[in-house]
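Q: Could you take a close look with me at one part of this model? I'd like to go through it piece by piece.

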Amino acid sequence: MRSSRLITILAILALFGLVGTAVFVYLPGNITVSPVAPPVYFANGSNANQAGLAGNTMTVSLGANQSSFNVTLQPTYQKTYFHDILRIVNPAAPAGDNYFFAIKVITPLGAPYTQARMLIYDNANNLVLSVDLKTAGVQGWPTSLPDNTQYRVDFEFILPEGVTLPASATIQVELVYSPQNAVTPP
Amino acid sequence: MNRFHVFLSTIFIFFLLIIQTTASVYTYIPGNSTVSPISPDVIFVPSSSLGVSSTLGQNRTSATVNIKASATTQEITTNGYFDAGPSPWIFIPGTYINRGFWYPSLYGRTGVVSLSGGGTGIFISDRASIYQQITWPSFTVGSADVNISYYILANLTADIISAQFRIGYRILDQANNVVTSNVQTVVSTSSTTVNTGWNVIVLPINTAALTPGTNYNLHIVVEISLFLFSFRITPRFEVEYALDWSILTVSPLNPVFQGPAIHMNTTLSSYNVSVILNSFSTVGNVDVKLWLRNHTNTVDSTAIEIQNSVLISSQTSELIMAPVPLGYLSLDILVEAEIQAGGSVTLNLTVKYRFEDGVYVEYPLTIVIVDPPNRGGNNVIFYYDKPIPLVRRS
């Protein structure tokens, strides 16, 4: 008897599948969006907006909520290294919120540069992540960004001698962060 | 609870677990980095030193320098031929030989120093000199000497005359102690007049007494020892030493090079510069020093140093390199090298310049120092320091 009841239910469900659009069921739900202040944000490095080579300024501008950045750098031939231009901040408050992050390169830097890197260091000057800015995609997942941490961001470029000085080019990146690290972000 | 309910519950819990595992949040915050390259503000400039040839990169941000070391005899005095006037020679008068002059021409020679004087007396002994500071070479000196061209004129008035005229050198340290000397009697006479005409004396130096790389004062000395006796008149004398040249030359024991291997120049900004030795290779025994000097020639960096082919120091200290007036260069990269005959050394270097804390640039630099093949021949001492036109066949 119980088995016949089960068979009956399954048969009814199967009929629904076969019939398809014969009936629609609407189940309501509410999604409440409560925005919060960004728990991870950008900050100026100690050399942001300071003079660089040949009197040029290494400019850094941050978004109104420090959730975006625009940097302009002026390398020359051979290897040019820009130190402490930007910071990545996980502030002390709220306490205990640890994150993982990576850098997603959306628009990489092309030729004639033979090398372009974003180098991220912790407070002890340990390299935590080296990002190849000539290669698109997510790099460095998951890199730890503990609570109350501020990472230093340097840039390095190699422009080989003998090529015509190229025009300005813009590298687009995204910093992607999450409280979990089990799955690589899309 | 019947089996059906257990089955449905199990399925429900399973799906809950899947949802819990996969659901999370990713936040993406964008950034743009604009790269605007510039022409180099700092460039290499080739050295015009004898024996140096350079190959620069197309934008003068890399260089390969080839240096031919040489065992040729070289002069270490300045203006030893007096052609540029009396400087840097300083006159120390004696009691009697107390007049010192430089003449553009004298007794048929150009650029001549005259030391003269006179007096009365019976037993007369006096010394006068001219001196300048020299730096004893850092390389191993095989031999060295002082070469003096002189002309002595004297008038001696007495009934009995015994006169010696001497010339030579004394080398003193900075505390005024005599380190080594060699003064020779060139005239010994009982005549009333002395007229030697132009002569040359070559006096060897005891090189073992001198410390490499040390500053000394080289004195060219003239001395008189006179016995003048007269029954009827007051004995008196007049003497003049004319010098056409007084030079100190050294012959390296091994092939050597001293001087700027290459220069650097900046036009817009000042930078802190240093040089790093990445690697080196040697053939035979090698001593090398490399350091930086800015255009004022008053400040030197510490040196990269290799002794007996063993690395002592792999990096110079930083030196400030600043824009300079037209016709000058901001920075010299100096080299002192002594290599075994037939030997060589290759230095693979990085020149690093930084602007404060925010940015630095690295240029590659290779320096190769060799003892060139088929060196052969005799060591030549050049007595003339300016070109002399050849007489044409008429």
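How many bridges join strand E4 (residues 69-73) of chain A to E1(B), and do they run parallel or antiparallel?

A: Happy to look! A word on the ground rules: this is a predicted model, in which local features need pLDDT of at least 70, side-chain atom pairs count only at pLDDT 80 or more, and totals for chains, interfaces and linings use all residues. Residues are numbered from 1 along each chain as its sequence is written, chains are lettered from A in the order in which they are written, and side-chain values use heavy atoms, with hydrogens and water left out.

Strand E4 of chain A and E1(B) are joined by five bridges and run parallel. Strands here (E, at least two residues) are DSSP runs numbered from the N terminus, and two of them pair if DSSP finds at least two bridges between them. Within this pairing, Leu73(A) has Val35(B) as its bridge partner. E1(B) also pairs with strand E11 (residues 169-178) of chain A, here in the antiparallel sense and over nine bridges; Thr34(B) is the bridge partner of Thr170(A).

Put together, E1(B) sits between E4(A) and E11(A) in an open sheet of seven strands, ordered E2(A)-E3(A)-E4(A)-E1(B)-E11(A)-E6(A)-E9(A), with mixed pairing. Its edge strands, E2 (50-51) and E9 (137-145) of chain A, each pair on one side only.

Now for the wider interface. Contact (heavy atoms within 4.5 Å) links 38 residues of chain B with 59 residues of chain A. The two chains bury about 4,300 Å² between them, 55% of it on carbon and sulfur atoms; buried area is the accessible area (1.4 Å probe) that two parts lose on being put together, summed over both. In chain B, Ile29(B), Val35(B) and Ile38(B) lose the most area to chain A, together 17% of what that side buries.

There is one salt bridge across the interface, where a salt bridge is a side-chain nitrogen of Lys or Arg within 4 Å of a carboxyl oxygen of Asp or Glu. The side chains that meet in it are those of Glu362(B) and Lys79(A), at 3.5 Å from N to O. Strands E1 (27-35), E24 (344-355) and E25 (359-370) of chain B each supply at least two residues of the side that touches chain A, and E1(B) gives the most, with nine.

As for confidence, the model scores ipTM 0.84 and pTM 0.73.

Note on methods: Helices (H or I, at least four residues) and strands (E, at least two) are DSSP runs, numbered from the N terminus.
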